[in-house]
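Dear colleague,

I am passing on the structure we spoke about, with some notes on what turned up in it. Please look it over alongside the text below.

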Amino acid sequence: MPSKKAKHRKVVGKKKSDRTISRRDVLKIGAAAGAVTVLAPSMLTSRKAFASGDPAEPVICATAPANSPPTTPFRDTFTAPFPAIPQDLYPAPTKARNESGGEAERADHQRWDDFLPDIEYELEARASTHTFHSDYSPSYIWGFNGKYPAPTVLNIYEHPTIVRFRNNLPLTTTTFGRNEITIHLHNGHHGSESDGFAGDFFGTGFWKDNHYVNVYAGYDAIPPEGDAKEAMHSFWFHDHRAAFTANNNYLGLNGMFLVYDSKDPGHEFNTPGSLRLPCYYGITDFPLILTDKIFCATANGRTELFNAVGGAAPGGDKWIVNGKIQPKLTVRRRKYRFRILNTGPAKTYDLTLIKPDGSVGTMTVVATDANFLEHPIPVDAGANAGNSNSTTAPIVAGGLRVSVAERYDVIIDFAQFPHGSKVYLKENAPQFVGVASPVTLPTGLAIENVLMQFNVVNREPWFPADTPAIPSTLCTYPTLPATDNSFEWQFVRDPVGTVPRLFKINGLAFDAAVPVHSIVQGQTEEWLLNNNVGGSAWVHPVHIHFEEFRVLKRFVNGVEVPVPPLMTGRKDVMRLEAGQGALIKMQFRDFLGRYLIHCHNMNHEDAFMMVRWDIVPDALALRESQQLMLAHRREEEERLAEVAREERRLRKEEVS
Amino acid sequence: MKRRELLTGVKGKATFEPHIASPGVARFTNALLRTQENQEVRFYDDLIRGKQVVVNFMYAECHGACPMVTSTLIKAYQALKPRMGRDVFFYSITVKPETDTPEALKHYAKTRRADLPGWLFLTGDAYDIETIRFRLFGMYHPGFDLDSAMHAGTLRIINDATNCWTTVEAFASLKTILKHISWADPPKSYAERWAESIARQELINKEVKRYGYRRFA
């Protein structure tokens, strides 16, 4: 299709020249803007001159509103985000960085020849608008392909994929967002150059190909597709820009990424190996993407998201599910699957299913953080109350606690409810609604606690029939080899001595240039994650990139406690509440490079509770890496010691 | 305008115009402060408007974090010397204005070799300073905000011309601190960013060739 490619090239060329803006131009714009401050909104619109198609930059209320504008419950319909459409990329993806094509700098794709890409997508980060509720006017957002949530990437194992992330964010913004991005696939097993490393962000006008190999971990040991016991399914992708992750995610730069295989094939037919769980995307299988936001009063045709330049991502008073406030979903009397994902930036959810009589219904958890559990775990307030992971204040009977970045795939069987009944998903913390419920709610349920409503109806003949009972065994986990090494990570906020600290790990802040720990490729390590410094009252959902871990032991204030049922599975986010710790075990296979461990409360992460660790090729590289780390630390210690010496000298002088 | 004024930044004309969305006086306040030279300055109009600034809180008798922060800032100052006093400014504001007179601050700055052009030590009315601390460093969290010591280890980096705000820990490495300050630099043209990207790519290629993976670049 030469004509299509030629056309595409033209568009790319135009954008580049449009976005080439010199420092001189910026000054000119600044000067003009200063001269006509009164006409500020119209000046903002004039930015369209060099970014055609973008919405006008928002005029955000100066102070946090007491409440978002009221919304009518259950006015909007809950939907799954549209699937991303595969396309032929032009210029075609290459192993090395495509410099002349405008790609951002990166190392060559690792294992490119083993995994030549089959499927290609393009997701463009740009300014757009999204209507969070029909009572609202559109809100200014940053979204992939202009959408919030981003289009869902639906992928298949053994089909290596390129996702081209293009940065067309505005050059200047009135929001607190940062127009530089680096996209992390949480929790993909692939090369460091495709992992969205926090320091590898690229600015407006550049693009970058992320190479997702879509094989199971353990490829080196079990070619050609890796160890199927390592299967993962519910991923999500989001911006990871150092110090601005919360801001950019609050503005909307995140989405879902599902990978299918024979166990979880994206359909419900009786095919070999299929677990036959509800699996039709957007029909019987929905992502449930949670976030909280606060809105300014509607003005000038917009209901803007409140945010303040220089501020952390604000805590919201509206709970948002797949981009809508308190939506409703019509469900047939059969089983449904919901892939619950908390995109933060900071809030933790305690979810319960409320039956029409007001009692707590059963949600059966089949997967934690993208990994099937070996055996499904039902959670409710009755016989299965012991499975709830809402075990510290606020304790919610039968609650499913979801901290930032955690995913729980749950099955809800609506066949138990008669036609016409209404079932609710409840969040323990109330949101601001401001409008009375249009329907009578079950006893004991306040409208402020309702996250969304399910309207149960009989299944029409055309609608897919119910899937069989959930299998009692979903998978078997791989056996982890013997431990080669161990390491401890301490998550601290409190002052150390008299010196106040920001959020840190092992007393260190994020430094993109220096690793804190290095691992020889292929080894297995036990890591102790601890949040037990005296007086620490913070919750840290700890996320480790690259591979999934198993929880071996769990501690509360240093005392070993049993591993809760929902933490017995493979995971990539470990919630550490005050005083808690965990011993985890994981392998580091197949790829090399720089990866991260960080607190996924994005405000903590931006305050640099994040450090880099490396996978290195051999023992020699490990030694070199360790020497580098030591030299770096010694340099810092010497610097501080020198200051202390100088200070003592000055004090002495002053006294004498 | 006198050259001396430009260098010290006091009552000097802003290098750039404020960003269109700059919160201006409404957020920064235009409080009347005094420098270590006992000069009266307006916080927004004279110190912030159109400038790229690094703000920290300290007090002269502080034996803990403050001297370390000051020493870190001296190192950063040396690295940024060509820009200091032109479009980048350091402001160290005292949290104990009752005791920290301009003379006391001058003494502190002199003894620590921090009495440099483009770097002001500021005192003023206690209420004003508390307000500025809340407006600049406030995290809407009483655990942080009510304890002034909680902000002592933090540098606030603000560019009023680009409306970019960021924060860095004063105990991070010098490289990290300079990187954060550069994140608030005026926006670069595509051509400039392109040239930087090519330079970085060369470093990456060299490293990958040498070590088998990307290490520092």
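Two strands are said to pair if DSSP finds at least two bridges between them, where helices (H or I, at least four residues) and strands (E, at least two) are DSSP runs numbered from the N terminus. Please bear in mind that this is a predicted model, in which local features need pLDDT of at least 70 and side-chain atom pairs count only at pLDDT 80 or more, while totals for chains, interfaces and linings use all residues. Residues are numbered from 1 along each chain as its sequence is written, and chains are lettered from A and ligands numbered from 1 in the order in which they are written.

Chain A holds 6 helices and 34 strands, and its C-alpha atoms fill a box of roughly 85 × 65 × 65 Å along the principal axes. Of its 656 residues, 53% are buried, a residue being buried if 20 or more other C-beta atoms, placed from the backbone, lie within 10 Å of its own, exposed if 12 or fewer do, and partly exposed in between.

Strand 34 (residues 610-616) of chain A is largely enclosed by the rest of the structure, because 7 of its 7 residues are buried. Both of its faces are covered, with M610(A), R612(A), D614(A) and V616(A) on one side and V611(A), W613(A) and I615(A) on the other. Strand 34 of chain A pairs in the parallel sense with strand 26 (residues 517-520) of chain A over 4 bridges, where S518(A) stands opposite D614(A). Strand 34 of chain A also pairs in the antiparallel sense with strand 33 (residues 593-599) of chain A over 6 bridges, and there I597(A) is the bridge partner of V611(A).

Helix 6 (residues 619-655) of chain A, by contrast, is hardly covered, with 2 buried residues among its 37.

Chain B comes to 9 helices and 7 strands, and buried residues make up 49% of its 217 residues.

Leaving aside residues up to four places away in sequence, Y91(B) touches L47(B), V53(B), V55(B), L120(B) and L122(B), a contact meaning that the C-beta atoms, placed from the backbone, lie within 7 Å.

With best wishes

Key: Two residues are in contact if their C-beta atoms, placed from the backbone, lie within 7 Å.
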